[in-house]
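The following note sets out points for a colleague on domain contact and helix packing. Please read it beside the model.

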Amino acid sequence: MTRPLRLLWLQSGGCGGCTLSLLGASGPDLVTALDLAGVEVVWHPSLSAATGSEARARIEAIAAGEAPLDIFCLEGSVMTGPDGTGLFHRMAGTDEAMMRVIERVARRADYVLAVGSCAAFGGITAAGGNEVGAVGLAYDGRQAGGLLGPDFRSGKGLPVINIAGCPIHPDWFTETVLQIAAGAFDARDIDEWQRPLSYTTHLVHHGCARNEFYEFKASAEKLSDMGCMMEHLGCKGTQARADCNIRPWNGSGSCLDGNYPCIACTAPGFEEPGHEFALTPKISGIPVGLPTDMPKAWFVALASLSKAATPARLRDNAARDRLVTLPQDKSLKGRKGRP
Amino acid sequence: MSEPGNRLVIGPFNRVEGDLEVRLETSAETVVRAEVSSPLYRGFERMLVGKGVPDALVYAPRICGICSVSQSVAAAYALAGLAPGRVPPAGRHAVNLIHAVENLADHFTHFHLFFMPDFARPIYADEAWYPQVAERFTAIRGSATRDALPARAAWMEIMGVLAGKWPHTLSIQPGGSTRAISRAEKVRVLALVRGFRRYLETTLLGDALEAVAALDSGDALHAWSQGRKGDFAQFLAISRALGLSALGRTRGAHMSFGAYQDRAGGHLCARGTWVAGAAQPLETGAIAEDVSHAWYAEAGGKPQGPLRDAPAPDLRNQEAYSWCKAPRLGGQVVEVGALSRQLVAGHPLLSDLALRGANVEARVVARMVELARVVPAMERWIAAIDPDEPFIDPAALLPDGEGAGLTEAARGSLGHWLRAREGRIEHYQIIAPTTWNFSPRDARGVPGPLEQALEGTPIRAGETEPVAVQHVVRSFDPCMVCTVH
């Protein structure tokens, strides 16, 4: 019998929402998933009994290399401010800047997981003028580096695994840990931003219930409308990488299903889109952000063609908060409406 | 062994949401003086300045992963100061439902994951009730966690229907909810609420919700709990054995901003204050933040209130020991939370339990009473939704103006105050519930509610993290990430 995988979870400049999302895991639930993966939680701020000196001792033993660490998870940004001191987050119970603790621990771990876009890239905490100096473990926004530097490799020779999202879907984390536990997570399993491919081979667009509206450019005009939100409402679903409309949130939902746009929260820099989140920036009426891999001329040509061919049903429904014109079986010609 | 004049520094103080440090001066057997420190600063108020006004609804929920919807509701109410429209009834019900799902989930999570595991500590190994409690509530491994997590996940499926996802929805808007529901979704949401009711009635509370909500005195609660199955009755037995009603006492005022708006502009849980046993109206203009003991630059002069003041972070304040500001109501310390809400609402059981001051037991009982009171209200809101009616008034926001968004998160009163000019945010201030409860001292040297509650807390021989201190701190269900927004 091998020893359990030891997991340490720390939080810094963030909201705790990735942990809270994770508590909603189902099939299996979080503690069952960790148990089945053979993971022992050395310490987690929301879950563990150990507090104060006992918690510090466990963290310090790892940082000093006296106790092994298989998986290190950071949730929240690394706070480097003010002026590089890191004192915007002092580790409770110590005089040490949290960023120093994070660094010492990360360099001892076999696998380092940045849980959420804050820990990966800086995220929402880095918005505005980023007065707090929020950075990710291995990125500062789109710039490689972050706290650990661009060449960082964990004990198993991997870069930081960026489970980006604001928040993460619980499965994005549990699948990564189950893969690690099975010895089945290596360099083939991450994308160009070091995110697990388990969820970033997809675009948010995939499986979006509005796809038919998209195809015919039948657009929503305001939040709550049923139509495609790309043209007017800032939706980045055709560019954003995640499986949100294939793997439902909280049983059945997604941002798009909630009738508000995708803000590409798995992407570095999503927190400063350069425009109002729910407003599509356009040049001469054409959205600036086109679907991934789509040549602009083709998009413009196809869009005008499909707009001309929009079925009445989609035109009727696009700018409404519920369907007003329903699909009808054409073989029942002559019969009006429902029985 | 604690010697007279000893100092204890407890941190990281976990199973609270976010970062907390508690510093104690102790005599041989009790806490003499407490300082509560929030060691993290996040900077949302300054981040929001200059953003387009609607973007507040993207940033604000991300202040907090546990009270995300409460932050959305407060922001939407504040933006409503710039909205000419009126929220249609179905939209009001939908927002109340989304908000209640989060608030009750927080009570549920707090009880099972944050609060109860402290009774499974080895220090209690000699107590008669220990073996059962250790089996049920040991952190991570206890059977209660295995039972509660799936029940909680099923409950949060209501968010998948009504709000797209949780945390961090954008469905809550000044005009209502973006997500209209169908006739089929209406019955599905009701089924999810009923499923949660079943868990509460069989496993947590052990009785009909209506019976729990109707308990009207400490004696009635005690009689009800005798021989009863369920985790709440187990807590009450422990509480009696350990004297938790005498622990974590505060004797100040309580406040509620009002939770779950009704048609007439009132609330299911009333807005007001509770001072010396009597409910009084709330003067929102009397709210101001003191930064004499926090790492912010003092503007000089009298605090003007959150619609005008915007203190900047400044580590040079030598008196400071926290990133938490010290909000005061008319200069007075006030406590907020489920207990405060039920005191303001005049609930007879909580009024009785808090007769000699708020305490650990009363704070926990109040959460159970809220679960019992609010779930039936949710069933009524669902029934009142007409799926053919609008859920949102889409009127555009005015470019200039100001607004105050006041609501109740699970852990107490939450307010957002904003001023807008030419469609941009010019000023944004947030006062979160735990900012009230875990505030540092003010300019007059008056300690915040937790600091007061900790004075006199007993310490057992040799304790470095006194278990009674842990009960007191966690009885407030603090959210530190909100506190230091």
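1. In domain 1 of chain A, 19 residues are in contact with 14 residues of domain 2 of chain A, contact being counted when C-beta atoms placed from the backbone lie within 7 Å. The model is predicted: local features need pLDDT of at least 70, side-chain atom pairs count only at pLDDT 80 or more, and totals for chains, interfaces and linings use all residues. Residues are numbered from 1 along each chain as its sequence is written, while chains are lettered from A and ligands numbered from 1 in the order written.

2. On the domain 1 side of this contact in chain A, helix 5 (117–121) and helix 7 (197–200) are the elements giving two or more residues. Helices are DSSP runs of H or I with at least four residues, numbered from the N terminus. By class, that side has 9 nonpolar, 7 polar and 3 charged residues.

3. Domain 1 of chain A spans 5–200 and domain 2 spans 202–322, with bounds from an automatic or database assignment. Their centres, taken over C-alpha atoms, are 31 Å apart.

4. In chain B, helix 7 (residues 183–204) and helix 13 (residues 360–384) pack at about 165°, with axes 10 Å apart. Helix 7 of chain B is therefore roughly antiparallel to helix 13 of chain B, a term for angles over 145 degrees.

5. Residues of helix 7 of chain B that meet helix 13 of chain B include B:Val189, B:Val193 and B:Phe196; among their partners in helix 13 are B:Leu371 and B:Met378. This contact has 9 nonpolar, no polar and 3 charged residues.

Methods: Contact = placed C-beta atoms within 7 Å. Nonpolar A, V, L, I, M, F, W, Y, C, P; charged D, E, K, R; others polar. Axes fitted to C-alpha atoms, helices over the stretch in contact; angles between N-to-C directions. Parallel < 35°, antiparallel > 145°, perpendicular 65-115°, else oblique.
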